[in-house]
Amino acid sequence: LSNDVIQSSLIYVKPKDQIYGLLRSTADNNGTWMIETMDTTTGKSTSMNVSRSILKDQPFAYCAFEVYNIDDCSSEMPQSTIVFKQLSLQKNRENYTIDWTKGTNGQTPPVCDCQVDDISGDGTTVTILL
């Protein structure tokens with residue numbers, strides 16, 4: 001990753017918390033995206049706008065599981081799965097079919113052996129194996 005990577009404020013979550021996320025291109029499509037996340041269990045949230053010229057014609061959608069401050073995988077990571085569900089994508093305000101592809105250029109080896117385990121046939125659910 002380059003030195004141009006940004007991250008939102010850190011929010012601590014607990015196992016079984018429900019997380020909502022939204023990424024939306026601004027109306028003028030000038031390469032600015034609004035990114036919101038919320039732990040709907042606690043009500044804590046983050047929001048930020050990101051502007052990059054490369055994002056003007058962004059052809060990708062991402063489903064990312066990011067974890068910070070983990071020192072020991074065996075004691076600090078849940079030994080289960082993380083499920084991203086009710087995923088949707090719109091293009092020009094119209095529903096767009098998601099055709100997910102498992103990424104191959106992520107961190108190698110994956111941190112704590114996290115990996116995509118399953119993608120539903122309709123693209124609305126992605127399961128990550130921990």
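Residues are numbered from 1 along each chain as its sequence is written, and side-chain values use heavy atoms, with hydrogens and water left out. Because the model is predicted, local features need pLDDT of at least 70 and side-chain atom pairs count only at pLDDT 80 or more, while totals for chains, interfaces and linings use all residues.

Begin by selecting D17, which is found in the segment before strand 1 (19-25); strands are DSSP runs of E, at least two residues, numbered from the N terminus. D17 is buried yet has no salt bridge, where buried means under 20% relative accessible area with a 1.4 Å probe and protein chains only, and a salt bridge is a side-chain nitrogen of Lys or Arg within 4 Å of a carboxyl oxygen of Asp or Glu. The nearest side chain of opposite charge (Lys and Arg count as positive, Asp and Glu as negative; His and the chain ends are not counted) is that of K14, 6.8 Å away. Now display the contacts of D17 (heavy atoms within 4.5 Å): leaving out residues up to four places away in sequence, D17 touches D39, T41 and T42.

Select K14 next, also in the segment before strand 1. K14 counts as exposed at 63% relative accessibility, the cut-off being over 50%. Its backbone nitrogen lies 3.0 Å from a polar atom of the D17 side chain, and the C-alpha atoms of K14 and T41, 27 residues apart in sequence, are 9.4 Å apart.

Finally, move to G123, in the loop between strand 7 (115-119) and strand 8 (126-129). G123 is buried, at 2% relative accessible area, and touches L87, I98 and W100, not counting residues up to four places away in sequence.

Key
Helices (H or I, at least four residues) and strands (E, at least two) are DSSP runs, numbered from the N terminus. A polar contact is a pair of N or O atoms within 3.5 Å; within protein, one must be able to donate a hydrogen and the other to accept it, and residues adjacent in sequence count only if both atoms are side-chain atoms.
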